[in-house]
Amino acid sequence: MTINPTCDRIEEVINAYALPGALTDRQPYGNGHINDTFLLTYDTPDGGRKYILQRMNHAVFKKPQELMENVCNVTDYLRQIILRRGGNPDRETLNVIRTADGGMFYQDSAGNYWRMFLFIEDTICLEQVSDVSEFYDSAVAFGSFQRMLADYPADTLHETIPNFHNTPSRFCDFRKAVEKDTSGRAHLAQREIEFALSKEADTHVLTDLLAKGELPLRVTHNDTKLNNILFDRATRKALCVIDLDTVMPGLSHYDFGDSIRTGASTGAEDEQDLSKIELDLTLYETFTKGFLAGCQGSLTDREIELLPMGAKLMTYECGIRFLADYLDGDVYFKIHREGQNLDRARTQFKLVADMEKKWDAMCAVLKR
Ligand code: ADP
Ligand code: GN1
Ligand code: MG
């Protein structure tokens, strides 16, 4: 068995859940940047069961109780909708497994917070688009996720990370990180810092329109990376939207934009060869069609017209978050090699610059 050394309380945690059968395997799992994820395999008389166990990132999500209230309430709500549609809620939404005491999560003796989900079997998780129709499907899934939650009482949701997609506030944090230069690395990223600072005027566009009431606040996912969707291995169809930690009130542009940032880029988020990074307009158009289909006519004309700005701002915002973390000394996003957060920032800025070149074409897609 492979055990992540940082998670040495895992034994204690597993014992807090009264799971049937015998534990036969546990492995670190997935490619998330935030939580520590494990796959648990149990031998049971009915052929075995698997679970996802996650140590929540307490530094990022400071109120685990509130976070789990959101996740449990939203998944219970989705479960009802899926049942009404004749779907299979064990596969089409996350299902939180309760502790032996009925808790939504478990706090171990070292103070870490853990939660467990049913493992959704026979699925695949894509890091990059390999097939246009899969990307279309992911767009429909994220659009319809937003649609399914359209009548969810948004004011009952906790804000799990305040100002998560408030780009002007992210810009202030970025500027502070440049001024502090905790890691002493700013001299290695001068060009990137200048690029980021030069875009300050853009950061306000969506938040200003929200404040003026020209854009509606909706319940959004806020982390619509391609790898936050599970695809059915057999049908290759998008099956389940996962990673619900950031479901909060937000703008439709956040969900649209974050998917374009990850899915319509021609390279990986941490690609070091920037000549491989550009916006694929075909993928962009594909996603746009799928997202609008998934939203089922619920977006206003003004929202639709501003979707390209969502793509640009979410890409830019992620870039300044990666760069700030590089300057802070890699304290937020997990890294697997030195300089990875700078590489991530560079791909995002390359994409932003490419979007600016392709701006007219991006807007034309929406007019069509
Ligand atoms: P992070 O916040 O760190 O990104 P995620 O909740 O996205 O964590 O989980 C990380 C990975 O674990 C996902 O990309 C996916 O591959 C896998 N995963 C998470 N939940 C499930 C689940 N219920 N069933 C199957 N795989 C899952
Ligand atoms: C994080 O958790 P994960 O890996 O799906 C981050 C997102 C970023 C993304 C960049 C809670 O997402 O906001 O866009 O990394 N999640 C949080 O890859 O900060
Ligand atoms: Mg994730």
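I began with helix 6 and helix 12, which are oblique to each other, therefore neither roughly parallel nor roughly antiparallel. The model is a predicted one, and I read every entry below with that in mind.

**Helix 6 and helix 12**

I looked up the geometry next. Helix 6 covers residues 190–197 and helix 12 covers residues 307–328. Their axes come within 11 Å and cross at roughly 140 degrees. I noted the crossing as left-handed. From helix 6, the contact takes E192, I193 and A196. Helix 12 supplies Y316, I320, L323 and L327. I sorted these residues by class and got 6 nonpolar, no polar and 1 charged.

**Helix 9 and helix 10**

I moved on to helix 9, residues 252–263, and its packing on helix 10. The angle is about 145 degrees, and the axes are 10 Å apart. This crossing is right-handed. On the helix 9 side I listed S252, D255, F256, S259, I260 and G263. On the helix 10 side I listed L283, Y284, F287, T288 and F291. The classes in this contact are 6 nonpolar, 4 polar and 1 charged.

**Helix 10 and helix 14**

I then took helix 10, residues 281–295, against helix 14, residues 359–367. They pack at about 30 degrees, with 10 Å between their axes. That angle makes helix 10 roughly parallel to helix 14, because angles under 35 degrees count as such. Helix 10 passes helix 14 in a right-handed crossing. Which residues meet here? From helix 10 I found L281, Y284, E285, T288 and L292. From helix 14 I found A361, M362, V365 and L366. By class, I recorded 7 nonpolar, 1 polar and 1 charged.

**Ligand 1**

I turned to the ligands. Ligand 1 has 19 residues around it. The nearest are N35, Q54, L118, I120 and D243. I checked three of these for polar contacts. A backbone N or O atom of N35 lies 2.9 Å from an oxygen atom of the ligand. Q54 uses its side chain: an N or O atom there is 2.9 Å from an oxygen atom of ligand 1. At I120, a polar backbone atom is 3.0 Å from a nitrogen atom of ligand 1.

**Ligand 2**

How many residues surround ligand 2? I noted 17, and the closest are H33, K225, E269, R321 and Y332. H33 contributes a polar backbone atom, 2.9 Å from an oxygen atom of the ligand. E269 places a polar side-chain atom 2.7 Å from an oxygen atom of ligand 2. For R321, I noted a polar side-chain atom 2.8 Å from a ligand 2 oxygen atom.

**Backbone entries**

I finished with phi values. Where does D122 sit? D122 is in the loop between strand 6, residues 113–118, and strand 7, residues 123–124. Its phi is near 55 degrees, which is positive, and D122 is not a glycine. Q296 lies in the loop that runs between helix 10 and helix 11, the latter at residues 301–305.

Notes: Residues are numbered from 1 along each chain as its sequence is written. Chains are lettered from A and ligands numbered from 1 in the order in which they are written. This is a predicted model: local features need pLDDT of at least 70, side-chain atom pairs count only at pLDDT 80 or more; totals for chains, interfaces and linings use all residues. Side-chain values use heavy atoms; hydrogens and water are left out. Axes are lines fitted to C-alpha atoms, for helices over the stretch in contact, and angles run from 0 to 180 degrees between N-to-C directions. Helices (H or I, at least four residues) and strands (E, at least two) are DSSP runs, numbered from the N terminus. Angles under 35 degrees count as roughly parallel, over 145 as roughly antiparallel, 65 to 115 as roughly perpendicular and the rest as oblique. A crossing is left-handed if the near helix is turned anticlockwise from the far one by less than a right angle, and right-handed if clockwise. Contact means heavy atoms within 4.5 Å. Ala, Val, Leu, Ile, Met, Phe, Trp, Tyr, Cys and Pro count as nonpolar, Asp, Glu, Lys and Arg as charged, and the others, Gly among them, as polar. A residue is near a molecule or strand if one of its heavy atoms lies within 4 Å of it. A polar contact is a pair of N or O atoms within 3.5 Å; within protein, one must be able to donate a hydrogen and the other to accept it, and residues adjacent in sequence count only if both atoms are side-chain atoms.
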